[in-house]
Amino acid sequence: LFQGTVIDSSKASYVVVRLLGEGGFGAVYKGKRLLDVECINKAIISRVRDQKDPSKEYAMKVEKKLQSRRHSKLKMEIAILKLVSAERAQSHFTTIIDRGKKDTFFFLVMQLVGRSLANLKMARPMRVFSMSTGLGVGIQCLEACEDLHKYGFIHRDLKPANYACGLGEKKRVVYILDFGIARKILNSKGELKAPRQSVRFKVSNIISPKLWTDLKAHVNVRRQHPR
């Protein structure tokens, strides 16, 4: 999606501000909610009325519709966020604002968070957190996992890049992100599901497009110039 793209839902309209990141399953954008949007000569003019915070921004996750994919990855993310977000008073899961689908993509509008733990760590002297910060962050990360496991889900992609701090009053709260490859491991009786007999696994589905392109180029070079 391009900057200025408007996405309409049954509740509101949202305009894309900028790209935040992208991966194998789609992209995440920063967006603003508009109560009244007009498009004139392809230029977007927004009029916001009776809105307490017209500058409020959100995270907008967009996933392309693919015939080769049976289910939307966002469906799992929405299910998890709806189940787990109210588990504790200070939730480690972002709030769902809106969701919907278009002809070519699914979208999810969520609470916007700040920088990831990976980025915050890289910005620190010697690229390490202090002892107190590390312990505090670690406890919150474990709380998020505990809440997720209570409902029978495992994340399967835990790393500093998938945790982020909140914004404003929530700046000291750590949020767990990205449930694209999460899996439910308990059945309706609360018992562990039997392991799958076979797994359809594609590396291209779990790494970024750029890295996948680099890997393919590397393999081609090795084939052309074997040792």
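Colleague: Why is Arg 156 called partly exposed?

Modeller: Arg 156 has a relative accessibility of 45%. Buried means under 20% relative accessible area and exposed over 50%, with partly exposed in between (1.4 Å probe, protein chains only). Arg 156 at 45% therefore counts as partly exposed. This is a predicted model, in which local features need pLDDT of at least 70, side-chain atom pairs count only at pLDDT 80 or more, and totals for chains, interfaces and linings use all residues. Residues are numbered from 1 along each chain as its sequence is written, and side-chain values use heavy atoms, with hydrogens and water left out.

Colleague: What makes Asp 178 partly exposed?

Modeller: The relative accessible area of Asp 178 is 30%, so Asp 178 is partly exposed. Asp 178 sits in the loop between β11 (174-176) and β12 (183-184) and, although not a glycine, has a positive phi of about 60 degrees.

Colleague: How do you know that β2 and β3 pair?

Modeller: Two strands pair if DSSP finds at least two bridges between them. Strand β2 (residues 13-23) and strand β3 (residues 26-34) run antiparallel and are joined by 9 bridges. Leu 19 stands opposite Tyr 29 in β3.

Colleague: What joins β3 to β6?

Modeller: 6 bridges join β3 to strand β6 (residues 57-64), and the two run antiparallel. Gly 31 has Tyr 58 in β6 as its bridge partner.

Note on methods: Helices (H or I, at least four residues) and strands (E, at least two) are DSSP runs, numbered from the N terminus.
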